[in-house]
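Subject: The model, and some notes on it

Hi there,

Here is the structure I promised to pass on. Have a look at it first, and then read on for what turned up.

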Amino acid sequence: MGETTHPETGGRIKRLREARGLSRRDLAGVLKVDVSSIAGWEAGKRLPRRHHWPAITRTLGADLGALFPQTEAGAPVAAALVDTVGALPGLLVDLTRRTRSQICALRLAAPYVTSAHVQVEWRKLIDQRLRGGTLAVERIEIFYELRRLQETLSNILRYDGRNYWVKTYCVGLKEVPPVFGGYFFDDDEFLLGAYWTGIPPHRRPGLRVSGAPFQRFFREYWDEIWRRGTLLNTQGAHHLGAVRDVALTLGLPKGDWDRFLKEARHLKVGDGAPPLI
């Protein structure tokens, strides 16, 4: 943000914080920043980093566009089609490398496993960052088949104790039309798509969007949907009752749970990368 001052935004943050009865320390605790950062923002010396904006507006009950006007945000609305075969693999890697802290993954359709080969480098990069503690992943999915659930269970075991969380909805649905899904990177960039009928890879386009209106829409959408569903790894790999319940609903015989769990512990994708995120 350079040496530019932002007294109006700083004043807004201070007034909203005080109106909510929050101390600077309270707000710093929510955002996981130093109290000195809050003081600097309120003094207008600097703007909060962009990935803090959604949490600030939620905590203070403010509108993103009002608290961080477009003149200060400097983030124009942008949208571009993305070819799922030619451009998608490289774009996923690029966006993940630039992601500061969080990826939200949404997959609410398609009873098949997305082709792995277009995501090899990306899955390895996410694996490295999760293990290194530099990335948090929140993932929402409808599970249609035991294989996909087993891949997810493998991830839960692999990332035990790390910031990897999975929620499930509507377990066992058999048939749906092509439906929205995608990845949200730090609330700044959104890579959206439809899960089309047939077996991927395909050349149906995805959509890459950014800008304040998309930030507000998807953050509020995610906050709403994340409150629902069933969290599968409440206590990481040490409590897998919710995963077992989903597996039984999908048709796994009760006597096969130990085998299913053992296979998940040793599951590998043929390309050597971890199972899909």
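A word on names first: helices (H or I, at least four residues) and strands (E, at least two) are DSSP runs, numbered from the N terminus. This is a predicted model, in which local features need pLDDT of at least 70 and side-chain atom pairs count only at pLDDT 80 or more, while totals for chains, interfaces and linings use all residues. Residues are numbered from 1 along each chain as its sequence is written, and side-chain values use heavy atoms, with hydrogens and water left out.

On confidence: pLDDT is the predictor's confidence in each residue, from 0 to 100. The protein has a mean pLDDT of 82, with 85% of its residues at 70 or more.

Now to the loop between H2 and H3, where Val33 lies. Buried here means under 20% relative accessible area, exposed over 50%, and partly exposed in between (1.4 Å probe, protein chains only). Val33 has a relative accessible area of 19%, so it is buried. Contact means heavy atoms within 4.5 Å. Neighbours within four places in sequence aside, Val33 is in contact with Ala28, Ile38, Trp41 and His52. His52 is 19 residues from Val33 along the chain, and their C-alpha atoms are separated by 9.6 Å. Lys32 lies in that loop too, between helix H2 (24-31) and H3. Lys32 counts as exposed because its relative accessibility is 74%.

Next, the charged pairs. Side chains of opposite charge can pair when their charged atoms come close. The cut-off for a salt bridge is a side-chain nitrogen of Lys or Arg within 4 Å of a carboxyl oxygen of Asp or Glu, and a search of the whole structure finds 17 of them. Arg17, Glu18, Arg24 and Glu42 are linked in a network of salt bridges. In the bridge between Arg17 and Glu42, the closest N and O atoms are 2.5 Å apart. Arg17 belongs to helix H1 (residues 7-19) and Glu42 to helix H3 (residues 35-42), so this pair ties together parts that are 25 residues apart in sequence. Arg17 and Glu42 are both buried. Arg17 also meets Glu18 in a salt bridge (4.0 Å, N to O); Glu18 is partly exposed, at 46% relative accessible area. Elsewhere, Glu141 and Arg139 form a salt bridge at 2.6 Å, N to O, and both are buried.

What about the hydrophobic side? A nonpolar core is a set of buried Ala, Val, Leu, Ile, Met, Phe, Trp, Tyr and Cys residues joined through side-chain atoms within 4.5 Å. The largest one has 39 residues, and Leu149, Leu153, Leu232 and Trp257 have the most contacts inside it. Elements that each supply at least two residues of this core include helix H7 (88-98), helix H9 (146-158), strand E4 (164-169) and helix H12 (257-265). H7 gives the most, with five residues. Beyond residues up to four places away in sequence, Leu232 touches Phe143, Leu149, Ile156, Val166, Thr168, His239, Ala242, Val243 and Val246. Another core, of 16 residues, lies apart from the largest one, and Ala28, Leu47, Ile56 and Leu67 are among its members.

Strand E4 deserves a look as well. Five of its six residues are buried, so E4 is largely enclosed by the rest of the structure. Two strands pair if DSSP finds at least two bridges between them. Strand E3 (residues 136-142) runs parallel to E4, joined by six bridges, and Ile142 stands opposite Tyr169 in E4. E4 and strand E8 (residues 230-231) run antiparallel and are joined by two bridges; Thr168 has Thr230 of E8 as its bridge partner.

Last, a loop residue: Thr99 sits between H7 and E2. Thr99 is buried, at 4% relative accessible area. Its contacts, leaving aside neighbours within four places in sequence, are Arg129, Leu135, Phe185 and Asp186.
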